[in-house]
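Student: Could you take me through one part of this model in detail, namely the pockets and what lines them?

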Amino acid sequence: MQIRENVEEYMQSLRRWISDTKSIPLEEMDEFFTARIEGYEAHMSLWDEAYTVFADYLPLHCEKILDLGCGTGLELEAIFRRLPGAHVTGIDMTAEMLKVLQKKYTAQQVQCICGDYFQTPFGENSFDAVISFESLHHFTPEKKQALFNKVFSSLKLGGIFLECDYIACCQEEETLLRDECAARRAAAGVPENVFVHFDTPLTLEHEIRLLQAAGFCEIDAPKTINGATFVKALKK
């Protein structure tokens, strides 16, 4: 699976970005997205094609779906076209995002939870699918492992976990961004339990390893669109 076409050129650009943004303070996650609510959907239009592909990977039998980091629900438009009778539970920590989502989907079955999906209970054997679009790349392997364990428990037998996310193109990218985030946290005195908007993606190998440890099987990464990689995993 090729994450980036020109890895060296991409890594040079990433190193320049890190150097150029050294003086920009870290922002807490909720504050970051609240401040950018006006331009958020235009920014995310980069992945219009990916939203349609994302929905196509969901089996037609999915009735109950959990959406982690649902934001304004951009991925839900294509999902409701494919699965008009689905019931979606969306979790996001930014209240302003959820207000936009609720205004858009008044005719669909959508329940919104404003909160931290690491702490919010999911229940056991409750969902046919758990999904996440461009949300999980901000967190450490330890946090993600605990989340994937919880996701696995929340799925019904035969259920699917589907993510489309920023995946590191090589080990150098994973290490570089993880170390840079840690350094910026330390310099600013930001505690580890505070969520900040700084990308720390894992390589595909490490992402899959966490999913396997959680109990998932038949894990597949079929494609990447504009830097967003699809990963499918089944509970059997």
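Tutor: In the second largest pocket, the largest share of the lining, five residues, comes from α8. The model is a predicted one, and in it this second largest pocket has a volume of about 320 Å³. Of the 17 residues that line the second largest pocket, H138, F139, T140, R185 and E192 are the closest to its centre, and the elements that give two or more residues to that lining are α7 and α8. Sorted by class, the lining of the second largest pocket has nine nonpolar, three polar and five charged residues.

The largest pocket holds about 1,200 Å³ of space. Two or more residues of the lining of the largest pocket come from each of α1 (7–20), α2 (29–35), α3 (40–44) and α8 (171–188), and α1 gives the largest share, four residues. By class, the lining of the largest pocket has 25 nonpolar, 15 polar and nine charged residues.

Helix α7, which contributes to the lining of the second largest pocket, also packs against helix α9 at an angle of about 45 degrees, with the two axes 8 Å apart. That angle makes α7 oblique to α9, and the crossing is right-handed. On the α7 side the contact is made by P141, K144, Q145, F148, N149 and F152, and on the α9 side by E207, L210, L211, A213 and A214; by class, this contact has seven nonpolar, two polar and two charged residues.

Methods
Residues numbered from 1 in each chain as written. Predicted model: local features only at pLDDT ≥ 70, side-chain atom pairs only at ≥ 80, totals over all residues. Heavy atoms only, no water. Axes fitted to C-alpha atoms, helices over the stretch in contact; angles between N-to-C directions. Parallel < 35°, antiparallel > 145°, perpendicular 65-115°, else oblique. Left-handed = near helix turned anticlockwise from the far one by under 90°. Contact = heavy atoms within 4.5 Å. Nonpolar A, V, L, I, M, F, W, Y, C, P; charged D, E, K, R; others polar. 1 Å grid on protein atoms, 1.4 Å probe; cavity = no way out; pocket = protein on both sides within 12 Å on 5 of 7 lines; lining within 4 Å. Points joined across faces, edges and corners; volume = space filled by probe spheres on them.
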